[in-house]
Amino acid sequence: MMARGLLRFLASLLALAICNAASVSQPISDSHRSAAVDVFLPLDGSFKSLEEAYEALKTLDVLGIDKKSDLSLSTCENVVKVLGSSSSALKDLFYALSVNGILKCKTGEIVPKDIVSKLQAGAKDAKLLLDFYYSVRGLVLAKEQFSGTDVSLGDAEAIFRSIKALSQNDGRWRYSSNNPESSTFAAGVAFETLAGVISLAPSEIDQSLIQTLKTGIVKLFDSIQKYDDGTFYFDGSEGPISTTASVIRGLTSFAASESTGLNLPGDKIVGLAKFLLGVGIPGDAKDFFNQVDALACLEDNRFSVPLILSLPSTVISLTKKEPLKVKVSTVLGSKAPALSVKLADALSSKGSSVISNQELKFDADSATYFLDSFPKNFDVGKYTFVFEILLDESANEKAYITEAQTKVPIAATGAISIENAEIAVLDSDVGSVESQKKLDLSKDGAVSLSANHLQKLRLSFQLTTPVGVVFKPHQAFLKLKHESQVEHIFLVKTSGKKSELVLDFLGLVEKLHYLSGKYEIQLTIGDASMENSLLNNIGHIELDLPERPEKASLPPLQPTDPYSRYGPKAEISHIFRVPEKLPAKQLSLVFLGLIVLPFIGFLIGLTRLGVNIKSFPSSVGAATSALLFHGGIGAVLLLYVLFWIKLDLFTTLKALSMLGVFLLFVGHSTLSQLASASNKLKSA
């Protein structure tokens with residue numbers, strides 16, 4: 001039962017994998033919000049830089065996650081510090097103003113005019129594209145935050161021309177005039193900067209400049225990348241997510257100005273939105289920010305807001321009679337305007353149409369469009385559903401945009417009928433049935449069969465779909481498992497209306513390694529569209545095969561369980577050797593005494609000979625050398641005792657080598673002094 005449940009689970013998982021293999025865009029959901037909390041909230045409550053703080057706060061703000069109170073204290077201190085410093089870089093001022101626009105920090109005695117003057121000077125003196133960007137966009141933020149402060153650019157048209165000089169003929173832009181390399185990412189930065197120049201200009205910018213810029217935007221779209229499902233994206237060295245987000249930010253900012261009159265192709269705008277949503281949840285914080293920020297720009301722009309069609313599930317169960325559910329929303333999951341959804345076509349895997357021009361019903365409570373009935377010929381299998389979104393009010397067509405048609409892969413699943421299942425043993429000569437048994441494949445069986453190498457085994461059954469069509473499963477095979485754990489798998493083929501397998505044991509004796517005995521019979525039938533996939537034990541068959549010839553191959557060795565080596569080991573019984581008999585303790589003491597007697601005799605001999613120390617050196621230096629020499633000899637004798645008691649040979653030799661070197665020097669010194677004293681006595 002456990003194996004059968006596992007197989008059904010795998011079949012369902014395979015169905016989901018097949019359906020999700022194609023791109024099915026889903027709007028921003030709670031999974032994004034949950035991931036954003038883990039990615040952007042710092043563990044210690046503070047960010048490494050204002051740039052990192054802005055990206056985190058902007059992402060959380062767009063997703064509707066209120067964490068400002070937890071992050072405002074330390075972040076606002078950094079904002080006030082940067083805004084109040086006269087030495088702050090343009091980049092730091094820009095991100096400080098960006099963070100301040102979200103947190104609304106109390107800037108205290110900071111003078112807005114000083115900030116504005118520095119940004120205006122930066123825009124006037126800038127040579128690099130990023131310096132233009134930080135200065136101009138910083139002034140746009142200052143205009144929003146410091147009301148009553150003059151932030152206009154008096155020489156706006158000259159700045160516009162300076163930035164425009166960095167553009168290339170293919171629509172891409174350079175970061176500086178000294179760098180010949182151009183970038184699509186830089187194009188997005190330039191569009192956003194020029195949009196700021198237009199908004200800060202005291203008078204209208206020359207329309208010929210704007211028209212030239214619009215021509216460059218059209219050329220930039222010539223380099224856009226495309227997938228077969230209608231997904232569009234821009235690519236560059238910064239990566240497709242960052243590059244696409246940069247272009248979207250620039251285009252939406254540029255289109256926000258009424259004087260530009262920018263109109264972009266709707267299919268490409270929807271395609272860009274599908275690309276960003278198709279990424280899922282990025283694993284990198286920078287990509288996460290770029291994805292959410294770009295989608296927020298598409299959510300709120302002047303030219304068109306893309307609508308996304310999504311399905312809660314792309315699997316339809318015919319057994320449960322589940323309706324087809326469709327949702328239409330903006331990229332951030334907001335409700336769509338009044339509209340209707342039509343299923344224009346439903347194509348089977350063979351290309352035939354099974355549903356056409358079917359308008360879906362609308363449930364206002366769940367904001368879901370659904371199709372609750374299917375035609376009688378709608379069967380299990382893979383389909384491609386083609387949807388069309390029709391805006392009900394013509395006024396909405398200017399603000400919202402959709403794909404002309406949205407194609408979604410759908411898998412229809414159902415219970416497959418298994419009929420006329422039987423297993424039989426046939427005679428090889430005439431093919432007559434010797435024994436035959438019916439099978440109930442809805443449960444494990446206990447069929448018992450026997451055969452020899454001159455007979456055959458036949459298994460047959462019929463599979464039909466809920467509408468009575470012959471069903472050919474993706475997987476159908478029979479497994480024979482010998483009692484020695486040797487397994488053999490055979491494919492069950494479907495021909496006509498019947499699935500059948502015939503095993504001729506005469507031709508299989510070598511494959512079966514001439515192993516006679518009991519074989520377990522197991523049948524597996526599975527398919528992504530089959531809700532009742534099975535893995536059943538049918539029974540067993542006793543095979544009587546010829547003896548294995550000497551030159552025939554041996555059965556393969558069966559793999560052992562790798563975890564078996566971690567199990568308990570067999571207990572080891574060990575009998576120790578009987579200790580040898582030792583002499584009596586008294587006898588040992590007698591021999592110890594005999595060993596000590598020579599030393600005692602040595603001491604007695606010294607006293608008899610009248611040994612004295614009259615020749616021991618009297619001077620300090622000579623006496624010291626003599627004492628060290630005799631002390632070294634004593635240390636060697638002590639080392640011998642320690643070796644006998646506890647030390648090993650290597651430790652003893654190491655210590656003896658050091659004592660030997662010591663004795664060499666002090667012994668030479670002592671002998672030299674004795675020789676010198678002896679020579680003096682002789683000369684005297």
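In which strand is Ser310 found? Ser310 belongs to strand β5, where strands (E, at least two residues) and helices (H or I, at least four residues) are DSSP runs numbered from the N terminus. The structure is a predicted model, in which local features need pLDDT of at least 70 and side-chain atom pairs count only at pLDDT 80 or more, while totals for chains, interfaces and linings use all residues. Residues are numbered from 1 along each chain as its sequence is written, and side-chain values use heavy atoms, with hydrogens and water left out.

**Overall form**

- The secondary structure of the protein comes to 17 helices and 24 strands.
- The radius of gyration, taken over C-alpha atoms, is 46 Å, well over the 26 Å that the globule rule gives for 684 residues, so the protein is more spread out than a compact globule; that rule is 2.2 Å times the number of residues to the power 0.38.
- Along its principal axes, the C-alpha trace spans about 135 × 105 × 45 Å.
- Of the 684 residues, 42% count as buried, a term that means under 20% relative accessible area, with exposed meaning over 50% and partly exposed lying in between (1.4 Å probe, protein chains only).
- The protein exposes about 38,400 Å², of which carbon and sulfur atoms supply 56%; accessible areas come from the Shrake-Rupley method with a 1.4 Å probe, and for residues only the protein chains shown count as cover.
- Among contacts (heavy atoms within 4.5 Å) between residues at least 6 apart in sequence, 70% join residues at least 24 apart.

**The sheet that holds β5**

- An open sheet of five strands has the order β10-β11-β7-β5-β13, and its pairing is mixed; two strands pair if DSSP finds at least two bridges between them.
- β10 (361–363) and β13 (400–401) stand at the edges of this sheet with a single partner strand each, so one side of each is left without a neighbour in the sheet.
- Helix α12 (residues 266–278) packs on the sheet, where the helix touches β5 (305–310) and β13, and its direction makes about 55° with that of β5; axes are lines fitted to C-alpha atoms, for helices over the stretch in contact, and angles run from 0 to 180 degrees between N-to-C directions.
- Three bridges join β10 to strand β11 (residues 368–371) in the antiparallel sense, and Phe362 stands opposite Tyr369 in β11.
- Ser310, in strand β5, counts as buried because its relative accessibility is 5%.
- Not counting residues up to four places away in sequence, Ser310 touches Ser25, Gln26, Pro27, Val326 and Lys327.

**Strand β14 and its partners**

- Strand β14 (residues 406–413) is mostly covered, since seven of its eight residues are buried.
- Strand β6 (residues 315–317) runs parallel to β14, joined by three bridges, and Ser317 stands opposite Thr413 of β14.
- Strand β12 (residues 381–391) pairs with β14 in the antiparallel sense over seven bridges, with Val408 in β14 as the bridge partner of Phe385.

- Another open sheet has five strands in the order β16-β15-β18-β22-β21, and here the pairing is antiparallel.
- Its edge strands are β16 (433–438) and β21 (493–495), each of which pairs on one side only, and the twist averages 25° from one strand to the next.
- Within this sheet, strands β15 (residues 417–427) and β18 (residues 455–464) pair in the antiparallel sense over nine bridges, and Leu459 in β18 is the bridge partner of Ile423.

**Cysteines**

- One disulfide is counted, where a disulfide is a pair of cysteine sulfur atoms within 2.5 Å.
- The disulfide joins Cys76 to Cys105, with an S to S distance of 2.0 Å, and the link is left-handed, with -75° about the S-S bond.
- The pair links distant parts of the chain, 29 residues apart: Cys76 lies in helix α4 (residues 68–84), and Cys105 lies in the loop between α5 (90–103) and α6 (112–125).
- Both Cys76 and Cys105 are buried, and Cys297 also counts as buried, at 16% relative accessibility.

**Surroundings of Ser152**

- Ser152 is found in the loop between α7 (129–145) and α8 (156–164), and is partly exposed, with a relative accessible area of 27%.
- Leaving aside neighbours within four places in sequence, Ser152 is in contact with Gln120 and Leu200.
- Ser152 and Ile198 are 46 residues apart in sequence and 9.9 Å apart in space, C-alpha to C-alpha.
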